[in-house]
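Subject: Structure for you to look at

Hello,

Please open the structure below and keep it beside you as you read.

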Amino acid sequence: MAIITNLDVVMAQRKVSLKELAERVGISATNLSLLKTGKVNGVRYRTLNAICRELDCQPGDIFEYRPDD
Amino acid sequence: MSAIWTKRFVNFLLVIVALAAVGALVQAWSAYSEGKFHMVSYPAESDRYQVYPIGNWDAFWQAKEGSVRVDDHAWLRAARLAGELIAIGLLAAIFWQLRGFLGRVAGGDVFSDANILALRRIGKLLVSGSVLGISIAVMTQFAILEALPETLDGDRIILPSISFGSDPEMPNIRMQYTPPILPMLMAMIAFITAGAFKSGQQYREDSESVV
């Protein structure tokens with residue numbers, strides 16, 4: 001996949017645990033873990049909005065595009 | 001309708017199909033016992049028929065439809081019986097697939113591989129049944145025509161359902177046949193529904209993996 005998720009990096013910088021962020025965003029820890037590991041097909045704007053609000057970041061901080069070799 | 005009642009309804013249909021199979025066998029056995037198994041009859045319609053007035057010319061009784069019968073065709077009777085039993089088996093298979101499909105849908109499992117497969121199987125079984133019905137009709141008509149002389153009573157001719165060379169001046173007898181339009185239409189609907197369920201399944205899988 002050319003889209004890389006840097007959610008774990010941002011979470012580590014903000015010192016927020018997976019469980020705590022999941023509760024604040026309003027999704028299950030399982031789904032947030034799947035998003036963190038890039039095992040989802042899409043992200044709702046509502047979820048992205050909540051993550052950016054809680055982590056005080058931009059969508060570009062969480063997602064990165066790296067072309068496939 | 002709940003899953004239990006859905007299954008009960010289709011179970012009832014399966015019992016009717018089983019009774020139809022038993023009925024066909026009993027009828028064949030009865031004909032065999034009475035020494036009539038070699039007789040084969042087929043519905044036919046005559047161009048020349050008598051009309052009888054009923055009441056004060058308010059209605060008419062038309063002696064138009066009947067059947068044409070040939071004897072010494074036990075093989076044809078046996079082939080038709082085998083075809084009938086195969087058709088009943090196909091119907092039972094359709095109801096069995098429908099039973100599983102309705103049970104899964106009633107249980108909340110709608111857009112699944114099993115349902116798509118069941119719908120495709122129902123479509124294929126309906127097409128098979130239609131082809132079988134057409135084959136039996138063509139075989140029977142051909143065998144009856146082969147057994148009869150070219151003209152009957154010197155001035156009548158018997159024709160298959162589809163014939164283009166009939167003489168309009170001749171009082172023809174035409175063997176009847178209704179094409180299986182309804183089963184073919186239902187097969188088409190089953191295939192289209194299977195396609196729709198496939199799209200639904202893809203949509204479900206997409207939406208399930210969005211957080």
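The model is predicted, so to speak of local features pLDDT of at least 70 is needed, side-chain atom pairs count only at pLDDT 80 or more, and totals for chains, interfaces and linings use all residues. Residues are numbered from 1 along each chain as its sequence is written, chains are lettered from A and ligands numbered from 1 in the order written, and side-chain values use heavy atoms, without hydrogens and water.

The largest pocket holds about 790 Å³ of space. Of its 32 lining residues, R80(B), L81(B), G83(B), E84(B) and I136(B) are the closest to its centre. A pocket here is an open set of points on a 1 Å grid where a 1.4 Å probe fits, with protein on both sides within 12 Å along at least five of seven lines; lining residues have an atom within 4 Å of a point. The volume is the space filled by probe spheres set on the points. In chain B, α1 (3–33), β1 (40–54), α2 (74–106) and α3 (113–147) each give at least two residues to this lining. Helices are DSSP runs of H or I with at least four residues, and strands are E runs of at least two.

The second largest pocket has a volume of about 240 Å³. Its lining includes L91(B), F95(B) and M186(B).

In chain A, helix α4 (residues 45–55) has T47(A), L48(A), A50(A), I51(A), C52(A) and L55(A) buried, meaning under 20% relative accessible area with a 1.4 Å probe, protein chains only. Just after α4(A), D56(A) takes a positive phi of about 55°.

Regards

Notes
Buried < 20%, exposed > 50% of the residue type's maximum accessible area, 1.4 Å probe, protein only.
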